[in-house]
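Open the structure in your viewer and keep the selection tool ready. We will go from stop to stop.

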Amino acid sequence: MSAPLRVTVWNENIHERREGSRAAELYPEGIHGAIAAGLRAHLGDGVRVRTATMEEPDHGLPPEVIDDTDVLLWWGHEDHPGVRDEVVDRVHRAVLGGMGIIVLHSGHYSKIFRRLMGTTCSLRWRNDGDRELVWTVAPTHPIAAGVPDPLVIDEQEMYGEYFDIPAPEQLVFLSTFSGGEVFRSGATWTRGFGRVFYFSPGDQEYPVYHHPDVQTVLANGVRWAAPVRRGDALDATFHPRSWFTS
């Protein structure tokens with residue numbers, strides 16, 4: 001049998017620590033705890049999940065954790081600037097070297113996602129508890145396997161276009177909202193040897209990460225983002241020698 005995938009779920013973990021907050025009520029074990037529980041439930045022995053949070057030393061992502069991670073899931077919202085640049089550099093190098101990364105919801109404004117995309121990653125938003133319909137637009141993509149079309153989220157923060165990202169290599173999901181907005185809610189890219197998946201549903205004020213179909217998407221995303229190889233994406237041995245000679 002193949003070894004289980006090594007997954008790290010990173011969470012800012014600010015909202016959930018506020019006594020009496022909606023996030024604390026919905027996610028008593030933290031958003032990271034809910035995501036990790038969903039992955040374990042869907043992937044079983046095929047995955048080994050750890051969690052990491054911003055308040056830990058090195059934000060919970062020291063070199064030994066990154067080296068022991070096949071796929072990193074990233075949730076942040078309130079303090080993107082507070083993530084130290086050396087940690088972002090470490091994660092960025094790992095993605096270029098083959099580690100997969102899944103960026104969630106308001107993580108679109110994280111330092112690591114903006115670094116990987118090379119754009120502002122800005123978007124429109126409105127938090128009125130809209131119903132979101134997540135439509136599958138790439139039904140043969142592995143991330144869409146077993147996901148109903150549409151995936152219905154009864155209450156969710158609205159994210160809308162224009163979403164300032166590079167054209168996805170594959171657009172997997174497109175969301176519509178009760179206010180009439182549309183949003184590219186599930187998209188993939190390759191950076192170096194690493195795979196990148198952005199999935200937008202998951203605001204801290206709604207129980208989205210307890211939704212079984214959302215958990216299916218994340219489990220599929222982990223399997224898809226698993227490394228094909230790990231190493232140094234800038235290793236000169238991967239390039240013709242003539243590129244470096246006149």
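**Stop 1: two cis bonds around a strand**

Select Tyr 162, in the loop between strand 6 and strand 7 (170-177). Keep in mind that this is a predicted model. Look at the peptide bond from Glu 161 to Tyr 162: it is cis, with omega near 15°.

Now select Pro 150, in the loop between strand 5 and strand 6. The peptide bond from Asp 149 to Pro 150 is cis too. Its omega is near 5°.

**Stop 2: strand 6**

Select residues 151-160, which form strand 6. How many of its 10 residues are buried? The count is 7, so strand 6 is mostly covered.

**Stop 3: two histidines**

Go to His 59, in the loop between strand 2 (47-53) and helix 3 (63-67). It is not a glycine, yet its phi is positive, about 55°. Is His 59 buried or exposed? It counts as buried, at 6% relative accessibility.

Next, select His 105, in the loop between strand 4 (100-104) and helix 5 (111-117). Phi is positive here as well, near 45°. His 105 is buried, with a relative accessible area of 0%.

**Stop 4: the cavity**

The structure holds 1 cavity of 30 Å³ or more. About 50 Å³ of space lies in the largest cavity. Select its lining: Ala 34, Ile 35, Gly 38, Leu 39, Tyr 209, Val 214, Gln 215 and Leu 218. Helix 2 (30-43) and helix 6 (212-225) each give two or more residues. Helix 2 gives the largest share, 4 residues. Color the lining by class: 6 residues are nonpolar, 2 are polar and none is charged.

Methods:
Residues numbered from 1 in each chain as written. Predicted model: local features only at pLDDT ≥ 70, side-chain atom pairs only at ≥ 80, totals over all residues. Heavy atoms only, no water. 1 Å grid on protein atoms, 1.4 Å probe; cavity = no way out; pocket = protein on both sides within 12 Å on 5 of 7 lines; lining within 4 Å. Points joined across faces, edges and corners; volume = space filled by probe spheres on them. Nonpolar A, V, L, I, M, F, W, Y, C, P; charged D, E, K, R; others polar. Buried < 20%, exposed > 50% of the residue type's maximum accessible area, 1.4 Å probe, protein only.
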